[in-house]
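Q: Can you walk me through the salt bridges and the core of this one? I have the structure open.

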Amino acid sequence: MHRYLFTLIVFCAVVLFSGCQSQVLQMLIEPQEFYNYAVTEGVTCTSPEMIDGDVNTRGYAQGRWIHLTLPTRKAIHRIAIRSTNIINAMIYQKLDGEGRWQAIQQIQNNESPVIETRVNGIVTNAIRIYISGTTDDEKRAGQYDPRRGAIVPQIKLGRAFVHELEVYGFVSKENKDASLKEVK
């Protein structure tokens with residue numbers, strides 16, 4: 001048993017240091033970089049200001065929803081929502097088929113102007129975000145509801161906004177050069 005293990009270790013060392021590395025081995029060793037798909041050509045969003053690459057512009061949700069659609073299916077590993085007033089939200093990915101969505105991440109009690117979340121390499125061409133709470137929502141005194149027999153709290157909903165919505169996937173060096181050409 002030890003002989004086989006020793007042989008495997010020697011073989012791996014020879015492959016690593018011989019200069020004859022296989023393409024698969026190079027892919028394992030090559031560092032991968034994140035690329036923001038939201039700024040590529042053909043992407044649409046509820047508010048174009050959310051995906052213009054400028055953190056100084058502000059886009060508003062449509063009601064309580066934000067929709068982002070990519071021109072093709074992509075593997076997404078990270079989502080960032082920058083300079084926002086969102087406290088509570090649910091992020092969904094579009095599944096194959098008409099009108100099929102799956103919840104992938106819940107945001108609760110966010111106190112930061114930046115929300116960054118990792119998702120486990122979902123493959124989709126669209127995400128949507130339902131915002132259930134913002135810092136601009138105003139709680140008011142409740143009113144008695146005779147049907148429920150209780151006081152129901154009243155909330156005046158504020159406008160949900162995002163300065164920049166970013167959707168990241170991994171890109172190899174070769175694909176990164178091609179993607180950068182698409183953006184220009």
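**Salt bridges and core**

A: Arg73 forms a salt bridge with Asp96, and their closest N and O atoms are 3.1 Å apart. This is a predicted model.

Q: Where do Arg73 and Asp96 lie?
A: Arg73 is in strand S4 and Asp96 is in the loop between S5 and strand S6 (101-107), so the pair ties together parts that are 23 residues apart in sequence.

Q: Is Asp96 buried or exposed?
A: Asp96 counts as exposed, at 51% relative accessibility. Arg73 counts as partly exposed, at 41%.

Q: How many salt bridges does the structure hold?
A: It holds 7. One of them joins the side chains of Asp137 and Arg64, at 2.8 Å from N to O. Asp137 sits in the loop between S7 and strand S8 (138-145), and Arg64 in the loop between strand S3 (59-60) and S4, 73 residues apart.

Q: And what does Arg78 pair with?
A: Glu116, with the closest N and O atoms 2.7 Å apart. Arg78 is in strand S4 and Glu116 in strand S7, 38 residues apart. Arg78 is buried, because its relative accessible area is 15% and the cut-off for buried is under 20%. Glu116 counts as partly exposed at 45%. Salt bridges that share partners join Arg78, Arg82, Glu116 and Glu166 into one network.

Q: Switching to the core: which residues touch the most other members?
A: In the largest nonpolar core, of 29 residues, they are Ile66, Leu68, Ile76, Ile79, Ile81, Ile129 and Leu165. Strands S4 (65-84), S5 (86-94), S7 (115-134) and S10 (161-171) each give two or more residues to this core.

Q: What is Leu165 in contact with, sequence neighbours aside?
A: Beyond four places in sequence, its contacts include Ala38, Cys45, Met50, Ile66 and Ile129.

Terms used:
Residues numbered from 1 in each chain as written. Predicted model: local features only at pLDDT ≥ 70, side-chain atom pairs only at ≥ 80, totals over all residues. Heavy atoms only, no water. Core = buried A, V, L, I, M, F, W, Y, C linked by side-chain atoms within 4.5 Å. Buried < 20%, exposed > 50% of the residue type's maximum accessible area, 1.4 Å probe, protein only. Helix = DSSP H or I, 4+ residues; strand = E, 2+ residues; numbered from the N terminus. Contact = heavy atoms within 4.5 Å. Salt bridge = Lys/Arg side-chain N within 4 Å of Asp/Glu carboxyl O.
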